[in-house]
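Open the model in your viewer and keep the selection panel at hand.

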Amino acid sequence: MAHETATLAAYVADLKFTDIPREVLERAKVLTLDFLGSTIRARRDAESTESLLKMLEALALDGKGEATVFGDSKTWTPAVAALLNGALGHSLDFDDTHADSSLHPSAPVVPAAFAVGEMVGASGRDVLTAIVAGYEVCCRLGNALDPTSHYAKGFHPTATAGTYGAAAAAGKLFGLSKDQIISAFGVSGSQAAGSLQFLVNGAWNKRYQVGAAAMNGVIAATLARNDFVGSSESVEGKHGLLVGYTDNAHPDKATAGLGKTYETLRIGVKPYPSCRYTHAALDALIAMRREHNLTPDQVKRVEIGLHRNGITLTGDAATKRHPTSIVGGQFSMFFTGALALDQGRFGWDDYERLGDAAVNALADKFDVVQDDRLEIGRTHPFGARVSITTDDGVHERLYADPSGEPDSFPDAQAMQQKFLTLARPVLNGRADQLADAILSLERFDRVATATQLGRQ
């Protein structure tokens, strides 16, 4: 290991808006808009939102501040805004995904950047720079952790590596020095947490722990800003992230090509509100249904082949065949696959069909298996093989890539439409104004002028 903590800290401290290629900045704006659509809709629709708000009220943490929670009518203190925006934005499981690290970069990074950006009166250019810095840190650390090993130890990388990404974004906006960012990363090492145990009962931990990562990053950077001494070598040290959180660390991936190769451009977006490991199969099922004019009664058996990570998260038949909660549905290849095959589409509002007899009956025809063809020679683990047996024979497809990956990234119009579909039911006409503001964020001298459009 070669001083990864200090190298990443120096990168964050030195990064300038003018250093970032235009295509990276454009991608960061689109990813931010995509994330905010989920945040806004979850403020109204996510079943866990009320519990979060009652907790803040009970602990007297609901005091008025100046920070925006998107889709909410009041303003909050910066740390709480980061918590809520992070948790809300991850609640629909409709937010972006970085395939190599298997994490959702915007969920911890964007809330931290907006909270501190409003706090310090930052410009849109400053916030975009911070978001890119945060993306690069958390994605690179996720790569270095090796997601398969990280998952095997029971960790959720969006909440672990994401804490560092949030600290990077917040530290950049505070103008911290390299040494101060090292301290912020040191605190992040104590905060980085996120358990996969939520998979057992469809719990809401996943949402909370990502919001906590955003909040913790803000706290870590604020401590460092006020001369708090955090541990050194938080990433590579004897008890650091790459030692305690994985059995297969790749420290070189944390810094390889730093400043030249942008992981931001490798972040994909979701066409479906479910675990990314279900998406290639959903693409295939919808395409095969259309191509072969399939109806549920024609289907005798469906076999879905996934990478082992996808089996871990979505493929356990004993617990996931007939989910009863939204989280359970989001992490069920059986439910999401049956739904897509039944109706030829899948969106957020379709979770109303949880427990639907027709969907359950179709899910009973599904088997989900590990497919070695998705393990070897692949650049990422999100592919799927789908085999559908009917009276006419067996139809099979191998989709190496789900839609929405960098090579099939939707155009700006499609991304804006996805945002508006989610945000208009909450913000009405202001949704269009907010979309225009985020997509031109670098023009704002104060980012708060843009973010206030996201208040209900």
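Which helix holds the place of Ser 38? Select residues 22-45: this is helix 2, and Ser 38 sits in it. Keep in mind that this is a predicted model.

**Stop 1: Ser 38**

Is Ser 38 buried or exposed? Its relative accessible area is 0%, so Ser 38 is buried. Now show its contacts. Leaving aside residues up to four places away in sequence, Ser 38 touches Leu 88, Gly 89, Leu 92, Phe 94, Asp 95 and Leu 422.

**Stop 2: the largest cavity**

Rolling a probe the size of a water molecule over the atoms shows where empty space is left. How many cavities of 30 Å³ or more does a search of the whole structure find? There are two.

Go to the largest cavity, with about 130 Å³ of space. Select Ser 102, His 104, Tyr 151, Cys 275 and Leu 313; of the 18 lining residues, these are the closest to the centre. By class, the lining has nine nonpolar, five polar and four charged residues.

Colour domain 1 (4-270 + 409-454) and domain 2 (276-399) separately. Both give residues to the lining of the largest cavity, so this cavity lies between them.

**Stop 3: the second largest cavity**

Next comes the second largest cavity, at about 50 Å³. Select its lining: His 90, Ser 91, Asp 93, Ala 203, Trp 204, Lys 206, Arg 207, Val 327, Gln 330 and Phe 331. Which elements give two or more residues to this lining? They are helix 4 (78-91), helix 10 (205-225) and helix 15 (326-330).

The lining of the second largest cavity divides into four nonpolar, three polar and three charged residues. Keep the domain colours on. Domain 1 and domain 2 both give residues to this lining, so the second largest cavity lies between them.

**Stop 4: the largest pocket**

Turn to the largest pocket, with a volume of about 350 Å³. Select Asp 100, Asp 146, Pro 147, Lys 253 and Thr 379, the closest to its centre of the 21 lining residues. Then select helix 6 (124-145) and helix 7 (147-152); each supplies at least two residues of the pocket lining.

How do the lining residues of the largest pocket divide? Five are nonpolar, seven polar and nine charged. Domain 1 and domain 2 each provide at least three residues of this lining.

**Stop 5: an annotated span**

Finally, select residues 272-437. UniProt places the feature "domain: MmgE/PrpD C-terminal" there, in an unreviewed entry. The end C-alpha atoms of residues 272-437 lie 25 Å apart. The span is 43% helix and 16% strand.

Key:
Residues numbered from 1 in each chain as written. Predicted model: local features only at pLDDT ≥ 70, side-chain atom pairs only at ≥ 80, totals over all residues. Heavy atoms only, no water. Helix = DSSP H or I, 4+ residues; strand = E, 2+ residues; numbered from the N terminus. Buried < 20%, exposed > 50% of the residue type's maximum accessible area, 1.4 Å probe, protein only. Contact = heavy atoms within 4.5 Å. 1 Å grid on protein atoms, 1.4 Å probe; cavity = no way out; pocket = protein on both sides within 12 Å on 5 of 7 lines; lining within 4 Å. Points joined across faces, edges and corners; volume = space filled by probe spheres on them. Nonpolar A, V, L, I, M, F, W, Y, C, P; charged D, E, K, R; others polar. Domains from an automatic or database assignment. UniProt positions renumbered as here; feature names shortened; annotations may be inferred.
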